[in-house]
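Please open the structure in your viewer and keep the selection panel at hand.

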Amino acid sequence: MFLTASKSSAPGASAPEFPEDPPGPPLSNPTASEPLWHAVGVDVVVSGLHSTVTGLDTAEAQRRLDEDGPNELRAARRRSSLRSLWEQLTAVMVLILLGAAALSLVLGKAFEAGAIAVIVVLFVLLGFIQEHRAERAIAALQAMAEPTVQVLRDGLEVTRASSELVRGDVVMLQAGNMVPADARLIDTVGLRVEEAALTGESDPIFKQTAALGVAEPPLGDRTNMVYAGTQVTQGRGRAVVTATGMTTELGQIARMLQGVTTAPTPLQDRLDAVGKQLAVVGVVVAALVMIMGALGGEPVADLLLTAISVAVAVIPEGLPAVVTVTLAIGAQRMLRRNALIRKLPAVETLGSVTVICTDKTGTLTQNRMSAAVLDVAGQTQRLDEPIALPLSSAAALALVAGVLCNDGNGRVDHGGDFSTTGDPTETALLVAAHTAGIDIDALRGAAPRVGELPFDADRKRMSTVHDLGGAATAMLPAAIAGCTAFVKGAVGSLVERTVSVWDGEAPVAVTAEWCDRITRAESALAADGMRVLGLAYRTIDDAGADDFAEDQLTFVGLVGIIDPPRPEVRDAIATCTRAGVRTVMITGDHPSTAKAIADDLGIPTDGGVVTGAEFDALDDAGVDHAVRHRSVFARVSPEHKLRIVKSLENQGQVVAMTGDGVNDAPALKQADIGVAMGITGTDVSKDASDMVLRDDNFASIVAAVEEGRVIYDNLRRFVKFAVAGNIGKIIVMIGWPLPFLLAGDGAAAVALLPLQLLWLNLMTDGLLGLSLGVEPPERGVMDRPPHAPGASMWAGGLGRQAVWIGGLIGGAALGIGLTYEARGHENWQTMMFTSLAFLQVFQALGTRSATESLRTLGFRTNPVMMALIGVVVVLQLAAIMTPLRGFLDLDPLSAFDLGVCVGAGVALLAVLEAHKAWVRSRARHERSDVGMMVAR
Ligand code: ATP
């Protein structure tokens with residue numbers, strides 16, 4: 001009979017983050033009657049789960065998926081459309097407007113109340129649609145960020161979304177994986193799992209497969225189980241899934257929201273602050289209008305209504321929608337350029353990045369490795385030219401070592417081509433061996449692997465132990481037989497463990513001269529930009545031992561592997577330099593390899609390359625100095641990355657850092673923007689990142705930085721546009737009664753009626769403003785330094801500009817109104833209303849760039865704006881020429897009157913263009929002054 005128990009909760013676990021989360025549909029995973037998986041043998045576990053050690057078949061897996069639901073932690077339920085509509089409806093602004101409508105009703109102005117209600121509905125709809133678009137965009141990103149797992153289905157290893165796992169599935173685990181579900185281990189090779197997320201214990205735990213026989217050991221002691229949310233730091237394993245989704249230990253204790261976070265970003269917070277500042281201004285202005293109106297003898301009830309409308313007019317209602325949409329659409333634009341955003345704040349932080357720290361292999365280079373040179377026993381053999389056969393015994397030994405100590409796979413397909421899968425460094429060795437006539441399958445069959453020490457970036461080497469039987473020894477010198485460990489890795493890390501060198505016939509004792517020769521051969525290959533691997537072996541007594549020492553080695557030879565730089569990266573680095581963004585290369589490779597590639601790509605190497613060993617010898621001040629003045633760090637381990645990021649951040653830099661391995665996670669978390677690799681990156685690194693590169697390409701980081709800048713620019717444009725427009729309306733509202741009051745004329749009708757103000761806001765902030773959020777990149781967006789992180793929205797003269805442009809808008813509309821009134825025209829109010837609308841249409845055109853002329857920008861580059869301008873013009877004309885006129889309480893306008901309103905807008909555009917021309921010529925002068933100073 002099975003031992004049974006209730007689920008335990010993990011020590012050190014945090015309280016649920018979303019306590020209000022509903023329990024969700026019942027899952028059929030039994031918890032009360034199931035066996036204690038850790039207490040019984042693998043066969044019992046597998047049969048208890050009605051599975052096999054080779055997993056489930058597809059139909060059964062689907063059946064279980066339908067029954068149990070997806071393997072997901074249910075985060076706080078996504079907001080329903082109704083809820084988001086309710087939130088729009090209960091926004092303060094809308095409540096104020098509804099208050100105004102109610103007030104109108106009380107005052108007996110039913111028509112006006114209805115009109116305000118219509119406008120409210122339009123605002124709410126606009127906000128709702130925008131929010132819905134943004135949410136859809138973010139949900140799409142979330143779906144793309146979902147991790148995948150290797151699982152056995154129908155006896156074959158396939159890749160599936162982690163959410164498709166079911167109980168009884170057999171999953172393959174390897175270093176770098178996040179454990180996707182709770183599972184009982186079937187077999188392990190040096191498997192270590194870090195379970196801090198569950199137990200708080202940050203040291204990785206060794207895992208094994210034997211039954212524990214203890215009823216309820218603490219979670220951390222269940223060494224034959226792995227749990228969802230923990231991380232495989234080393235080794236490999238196979239495990240059968242015992243619990244998925246909310247029934248996992250993680251699901252029980254923490255209802256974590258995973259993936260893309262949607263908390264407000266710092267920029268959103270700052271824009272919120274802008275909104276609040278303007279709200280205060282709105283209240284003050286509303287009070288002023290009330291006072292002035294009261295002095296002028298207006299009825300208090302009417303004034304109250306006007307005051308409310310003024311307050312509403314001053315507050316940029318469009319702001320929250322524009323921010324959310326701009327960020328979400330920005331994230332989508334980044335995705336099109338291969339940067340998948342996992343955390344929304346990254347969208348804006350990218351715009352202020354000042355340093356990009358990048359790996360070399362695969363990010364700056366193509367990760368298309370090919371073995372070019374074999375250096376054995378002092379002889380050099382080119383591998384990229386036809387190889388003279390038969391191979392020398394030393395060359396054969398090196399290639400055999402390269403095939404056996406290798407996790408890649410290669411096979412000859414139907415067309416006779418040799419195709420490979422696995423780590424490119426390793427598959428390069430398989431291709432070389434195949435080209436030299438070695439039958440990889442036969443060799444591996446004859447020399448089965450009986451133990452291994454997997455590769456890790458700190459040791460920079462890996463070993464595999466083989467039982468060399470008769471067939472295998474036929475390919476090897478007679479001296480190498482029995483249980484043998486083959487080791488491959490960074491040459492330096494092998495040489496220091498070497499006691500002898502294979503001289504072509506037999507091992508000879510290593511001498512200083514040999515060491516020197518090996519090191520020189522390595523440096524020569526590295527100086528050509530090659531990645532260099534050393535190969536060695538040792539015989540061991542204890543067959544199958546996983547914990548043999550990687551020492552007493554016999555050095556066999558070195559392989560130089562070419563990995564060409566990505567062609568687009570050179571330009572991307574030049575762009576970064578122009579954009580005031582430093583590029584720093586941090587690589588595990590040899591310093592000479594690093595230098596050769598850096599020189600090729602234009603990363604500065606003057607002052608030399610800093611190695612990990614040199615770095616270790618530095619104190620904090622030394623690290624700061626090195627990090628400030630050097631741009632290439634080689635032979636470093638992931639721990640160095642953390643120190644480099646911290647030092648850069650202490651110096652006030654905004655750092656993007658790439659990483660792919662398990663040990664890179666701390667540096668990725670520390671960096672302002674942690675960038676994981678989509679293709680070669682481990683789950684753990686992706687989990688720790690803010691952004692994932694779908695093509696592992698450095699150029700995609702630079703593209704994302706550019707998009708980040710564009711988004712920031714566009715939000716500032718919107719703020720400038722909206723604030724200037726609102727200042728214009730304030731000037732009209734306050735300025736209008738002044739001359740009448742000063743002249744002692746008594747009652748002066750208010751400048752614009754509440755409904756007219758609301759209409760204008762809908763046209764401008766609501767429609768025109770949105771189109772500024774999709775403005776394409778300004779020319780030269782990557783020719784200027786990054787903006788300071790956390791800089792005020794008003795920085796760079798934006799506040800000043802908003803004030804003078806607002807002054808012009810208000811002054812022009814007011815001037816037109818006063819002139820018409822003075823000449824006895826009845827339609828002075830309609831003139832102010834219409835001129836304000838056209839002034840803002842032309843203001844939008846002039847605000848598209850802070851420096852570029854509209855002619856240079858062209859009208860086709862922002863089709864959304866052109867379309868929305870069309871809509872606004874049509875609506876505006878409809879307001880004057882159709883029955884809408886009565887609704888808005890407007891008077892007719894003649895063609896001349898209309899011409900005056902449009903003319904005012906054109907004049908404003910001319911002023912804005914003249915100002916930009918002046919800014920451009922000032923910048924040109926400054927540049928030529930600097931040029932002259934340099935020339936002198
Ligand atoms: P980069 O930062 O440039 O992307 P990296 O830090 O990822 O490189 P690693 O993959 O850690 O570099 O490699 C560091 C060194 O380890 C290499 O120079 C090489 O000598 C050795 N090495 C790399 N891959 C393997 C492998 N599969 N087996 C054995 N040794 C390897």
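How many salt bridges does the count come to? In this predicted model, the count comes to 35 salt bridges. Side chains of opposite charge can pair when their charged atoms come close.

Select Arg449 and Glu452 to begin. These two residues form a salt bridge, with 3.2 Å between the closest N and O atoms. Arg449 is partly exposed, at a relative accessible area of 29%, whereas Glu452 is buried, at 5%.

Next, select helix α17, residues 512-527. Here Asp516 and Arg520 meet through their side chains in a salt bridge of 3.4 Å, N to O. The two lie 4 residues apart in the helix, so about one helical turn separates them. Arg520 counts as exposed, with 52% relative accessibility, while Asp516 counts as partly exposed, with 40%.

Now select Asp589 and Arg531, whose side chains form a salt bridge (3.0 Å, N to O). This pair links distant parts of the chain, 58 residues apart: Asp589 is in the loop between β21 and α19, and Arg531 is in strand β19. Are these residues buried or exposed? Both Asp589 and Arg531 are buried.

Finally, turn to the second largest pocket, with a volume of about 1300 Å³. Of its 38 lining residues, the closest to the centre are Glu778, Arg784, Ala850, Thr851 and Val919. Helix α33 gives the largest share of the lining, 9 residues. By class, the lining has 13 nonpolar, 10 polar and 15 charged residues.

Technical notes
Residues numbered from 1 in each chain as written. Predicted model: local features only at pLDDT ≥ 70, side-chain atom pairs only at ≥ 80, totals over all residues. Heavy atoms only, no water. 1 Å grid on protein atoms, 1.4 Å probe; cavity = no way out; pocket = protein on both sides within 12 Å on 5 of 7 lines; lining within 4 Å. Points joined across faces, edges and corners; volume = space filled by probe spheres on them. Nonpolar A, V, L, I, M, F, W, Y, C, P; charged D, E, K, R; others polar. Salt bridge = Lys/Arg side-chain N within 4 Å of Asp/Glu carboxyl O. Buried < 20%, exposed > 50% of the residue type's maximum accessible area, 1.4 Å probe, protein only.
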